[in-house]
Amino acid sequence: MAMVAALIVALLGVVGVVVYAQAADGRAIAGQATESVFIVKAQVPMGTTAEDAVTQKLMVSQQVVAIGVPQGALKAITPDVAKLVATSSILPGEIVLASRFGAVANITKTQAIPAGKIAITVSLGDPQRIAPLLTPQSHIVIFDTLSGKTTSTAVPSRETRILLGDVEVIGVGDQTSQPVDPAADPAAAKPAGNVALVTVALSPADAQLLVHAVQSGNLLYGGLLGTDAKVNPKGVVNDATILSH
């Protein structure tokens, strides 16, 4: 009887906590206007239609306090919106903006590979890909930093050069990096963070050059080219010469 009584008391406690939590949520929004918006529950891949995203419960309609709703938030899936597709991956937790969906024609156009070129994809962090300015049809310069030793001493030295002076970007997609196991490679261990898969169009020779740099473990850094920007393809900076520039 004592055990039964204890179980009943425990169940009553759980019910009390749930009721209190619900009441707290109610008090939190009491007197405040709310709006129905779509919030992402599981990643919406690029190219997914708005209708499929809702059907698959990748994003769901949810009531939130109106003061926290960003301008342009998607609030309803109309027949016109249902046919639109995600122009890039939409990550969990985001309040979906209507601008995240567009026409299929716009997606396929940005992924066209120019004649005579090869599409190569590299993984770059936010600073290295000039986030959030980088978009398809942008032109970038790719810098390459490699480590070595000076010719006169055994002191480690780094050298940064221009690997590719003018590269057309044809696609940018989000992903999340995974931390490297410090036990496997202590020097490469980095915390997880946001990186992007950047796809560029290159000539066969330049594609081979970029692949070799990536496979060699060199550090790549992108720079967004402005109008009339000119870079020196033979420019090199190392630890010994950097102060002389």
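A polar contact is a pair of N or O atoms within 3.5 Å; within protein, one atom must be able to donate a hydrogen and the other to accept it. The legends below describe a predicted model.

**Figure 1. A polar contact joins the side chains of Asn 218 and Asp 144.** The two side chains are 3.2 Å apart at this contact. Asn 218 sits in the loop that runs between H5 and strand E9 (219–224). Asn 218 counts as buried because its relative accessibility is 18%, and the cut-off for buried is under 20%. Leaving aside neighbours within four places in sequence, Asn 218 is in contact with Asp 144, Thr 145, Leu 146, Arg 161 and Ala 213. In the stretch just after H5, Gly 217 takes a positive phi of about 85°.

**Figure 2. The whole protein has 5 helices and 10 strands.** The protein has 245 residues, and 26% of them count as buried. It exposes about 15500 Å², of which carbon and sulfur atoms supply 62%. Among contacts with a separation of 6 or more, 69% are between residues 24 or more positions apart.

**Figure 3. The largest nonpolar core has 20 residues.** Ile 142, Val 198, Val 200, Leu 202 and Leu 210 are the residues with the most contacts inside this core. At least two core residues come from each of strand E5 (118–125), strand E6 (139–149), strand E7 (156–176), strand E8 (194–202) and helix H5 (204–215). E7 gives the largest share, 5 residues. Another core, of 13 residues, lies apart from this one and includes Leu 58, Met 59, Leu 74 and Ile 90. In soluble globular proteins, nonpolar side chains tend to be buried together.

**Figure 4. Ile 142 is among the residues with the most contacts inside the largest nonpolar core.** Once neighbours within four places in sequence are left aside, Ile 142 is in contact with Arg 161, Ile 162, Leu 163, Leu 164 and Val 167, and also with Leu 210, Leu 220 and Tyr 221. Leu 210 is another of the residues with the most contacts inside the core, and this leucine is one of the buried residues of H5.

**Figure 5. Ile 120 lies in strand E5.** Its relative accessible area is 16%, so Ile 120 is buried. Apart from neighbours within four places in sequence, Ile 120 is in contact with Val 198, Thr 199, Val 200 and Leu 202, together with Ala 207, Leu 210 and Val 211. Ile 120 and Ile 170 are 50 residues apart in sequence, and their C-alpha atoms are 9.7 Å apart in space.

**Figure 6. Helix H5 has a buried side and an exposed face.** H5 has 12 residues and reaches 16 Å from its first C-alpha to its last, close to the 16 Å expected at 1.5 Å a residue. Ala 207, Leu 210 and Ala 213 are buried in this helix. These three cover an arc of only 125° around the axis, so they are on the same side of H5. An α-helix has 3.6 residues a turn, so residues three or four places apart point the same way. The face of H5 turned away from the buried side carries the exposed residues Ala 205, Gln 208, His 212 and Gln 215.

**Figure 7. Thr 135 and Gln 137 are in the loop between E5 and E6.** Thr 135 counts as partly exposed because its relative accessibility is 39%. With neighbours within four places in sequence left aside, Thr 135 is in contact with Val 169 and Val 172. The C-alpha atoms of Thr 135 and Ile 170 are separated by 7.9 Å, although the two residues are 35 residues apart along the chain. Gln 137 also counts as partly exposed, because its relative accessibility is 44%. Phi of Gln 137 is near 80°, a positive value in a residue other than glycine.

**Figure 8. Lys 57 lies in the loop between helix H2 (50–55) and strand E2 (59–65).** Lys 57 is not a glycine, yet it has a positive phi of about 60°. Its relative accessibility is 61%, so Lys 57 counts as exposed.

Note on methods
Residues numbered from 1 in each chain as written. Predicted model: local features only at pLDDT ≥ 70, side-chain atom pairs only at ≥ 80, totals over all residues. Heavy atoms only, no water. Helix = DSSP H or I, 4+ residues; strand = E, 2+ residues; numbered from the N terminus. Buried < 20%, exposed > 50% of the residue type's maximum accessible area, 1.4 Å probe, protein only. Contact = heavy atoms within 4.5 Å. Areas by Shrake-Rupley, 256 points an atom, 1.4 Å probe, with all protein chains shown as cover. Core = buried A, V, L, I, M, F, W, Y, C linked by side-chain atoms within 4.5 Å. Expected span 1.5 Å × (residues − 1). Arc of directions from axis to C-beta.
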